[in-house]
Amino acid sequence: DAKWSQYSSLGYQFVPRPVAVLMDDYPHGFFDPPHSHIRAQFVYATTGVTILSTHDASYVAPPQRAIWIPAGVEHEVRCRGRVLLRTLYIACDAAPDLPQHCQVIEVSNLLRELILEAGNLPIEYNLEGRDQRIMDLILDEIRCARRIPLSVPMPINERLARFHSVPDDRIVLGCGSSEILRMAADAFLGSRRSAVVALPTF
């Protein structure tokens, strides 16, 4: 794998395999400016919170969640807390039936372990036998994984940011359980800050 270690994420898109796994470690506050990829991405962090923004919406993925990004979608990424990232670059012809728009996806225990094991395989893994079966099973698990409504249209973020006189990257919205809200508060707020949370309407 030494010949791939010199490349950035761009190089991993040209690995001669249906799926390539990039492992990276980002500090709190890391920002990756707008860009796109020729492969689809499955972005999963074992720690920290990943915030991905496109022209249309913002997506939030705490641990045990991942973000699906179709090929060609321009996006930027922000990290809250130290983010240990596993990114799967998936060739378009390897899984043409996967979503055509960004989504937050629940990562089951099985999918998590498969992703971690895939990161231990050679970049140019064996296309026969166990290695390929692991990659095939990852794609199957992504297909059947539960979609999570942790996104919000971008214009809402911008209006709220103007109303509260804060940068728009400080606004993160979504819906989910109280556990998710607590995780978001822990990631974004210091010990002397509080959050304003809308009451549910159901």
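Which backbone oxygen does the side chain of Arg39 reach at 3.1 Å? The backbone oxygen of Tyr89. This is a polar contact (a pair of N or O atoms within 3.5 Å; within protein, one must be able to donate a hydrogen and the other to accept it, and residues adjacent in sequence count only if both atoms are side-chain atoms).

The model is predicted: local features need pLDDT of at least 70, side-chain atom pairs count only at pLDDT 80 or more, and totals for chains, interfaces and linings use all residues. Residues are numbered from 1 along each chain as its sequence is written, and side-chain values use heavy atoms, with hydrogens and water left out.

Start with the whole protein. The protein has six helices and nine strands. Helices (H or I, at least four residues) and strands (E, at least two) are DSSP runs, numbered from the N terminus. Of the 202 residues, 44% are buried. Buried means under 20% relative accessible area, exposed over 50%, and partly exposed in between (1.4 Å probe, protein chains only).

Now return to Arg39. Arg39 sits in the loop between strand E2 (31–35) and strand E3 (40–53). A polar atom of its side chain also lies 2.7 Å from the backbone oxygen of Arg17. Arg39 is buried, yet has no salt bridge. A salt bridge is a side-chain nitrogen of Lys or Arg within 4 Å of a carboxyl oxygen of Asp or Glu. The nearest side chain of opposite charge, Asp93, is 7.1 Å away. Here Lys and Arg count as positive and Asp and Glu as negative; His and the chain ends are not counted.

Other residues do pair. Side chains of opposite charge can pair when their charged atoms come close. The count comes to seven salt bridges. One of them joins Glu76 and Arg78 at 2.6 Å, N to O. Glu76 is buried, at 18% relative accessibility. Arg78 is buried too, at 17%.

Another salt bridge joins Glu117 and Arg130 at 3.1 Å, N to O. This pair links distant parts of the chain: Glu117 in helix H3 (residues 109–118) and Arg130 in helix H4 (residues 130–144). Glu117 is partly exposed, at 28%. Arg130 is partly exposed, at 45%.

Helix H4 also holds Arg143 and Asp140, three residues apart, about one turn of the helix. Their side chains meet in a salt bridge (2.8 Å, N to O). Asp97, Asp140 and Arg143 are linked in a network of salt bridges.
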